[in-house]
Amino acid sequence: LGTWLHVQACGHVPNETYRFAGSAPALGAWNPTRGVPLEWNQGMWTAEDPIDLRADSRLEYKFVRMKADGEEWEEGPNRILDVPAVEGVLKLRARFNGDAMVSSGPPPGAEETPREAAASSQCRRDAEEANRQVTRLQEHLRFQGEKHQRSQEEHAAILKQLRNELRDLRREAKDLRE
């Protein structure tokens, strides 16, 4: 028996993938592909199942953003989690490249403390703002693409007109020489 760790993390938009990796075998022994996958759930990244850790141990960990071209580890030194000597439940809430909060007590789903509720609420607000920014950026890129397309069409029309004028001038020059 050991301590059950429930993990929740604030990250970026839900079209990304995150892992919880660290020094313990349960965290993939620093191999992010064997680390704990985090699922997007109600505005935050959550480990679907609690992680069984050895009581009275210390582990190091980081969150890893998985990308098509590799992985992006959190910046800075490894995070440290001291697992208490008594068996029980720990809740870890963290922000990618940001602060972390560990609390003991009932697992997620049970009533949150005011501090936990504030952290969850802030995480959801951050995720909503990130989604709004992504939407604005997508709209801007779409607008720029349409603008570029119109510009290309206008340039093509001008080029066609210039070619026609050049053809007409050549005909006139030919007619004048004859």
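Is Arg95 buried, partly exposed or exposed, and at what relative accessibility? Arg95 counts as partly exposed, at 25% relative accessibility. The model is predicted.

**Whole protein.** Start with a cartoon view. Of its 178 residues, 30% are buried.

**β9 and β10.** Select residues 88-95, strand β9, together with β10; the two pair in the antiparallel sense over five bridges. Leu90 stands opposite Ser104 in β10. Four residues lie between the strands of this hairpin, where Asn97 takes a positive phi near 60 degrees.

Now show the side chains of β10, residues 100-104. In a regular strand, side chains alternate between the two faces of the sheet. Met101 and Ser103 form the covered face of β10, while Ala100, Val102 and Ser104 form the uncovered one.

**Salt bridges.** The structure holds eight. Go to Arg95 and Asp99, whose closest N and O atoms are 3.6 Å apart. Asp99 is exposed, with a relative accessible area of 55%.

Next, select Arg65, Lys67 and Glu72, which are linked in a salt-bridge network. Between Lys67 and Glu72 the closest N and O atoms are 3.2 Å apart. Lys67 is partly exposed at 43%, and Glu72 is partly exposed at 23%.

**Helix α1.** Finish at residues 114-177, where Arg142 and Glu146 lie four residues apart, about one turn of the helix. They form a salt bridge with closest N and O atoms 3.5 Å apart. Arg142 is partly exposed at 49%, as is Glu146 at 37%.

Definitions and conventions:
Residues numbered from 1 in each chain as written. Predicted model: local features only at pLDDT ≥ 70, side-chain atom pairs only at ≥ 80, totals over all residues. Heavy atoms only, no water. Buried < 20%, exposed > 50% of the residue type's maximum accessible area, 1.4 Å probe, protein only. Pairing = 2+ DSSP bridges. Salt bridge = Lys/Arg side-chain N within 4 Å of Asp/Glu carboxyl O.
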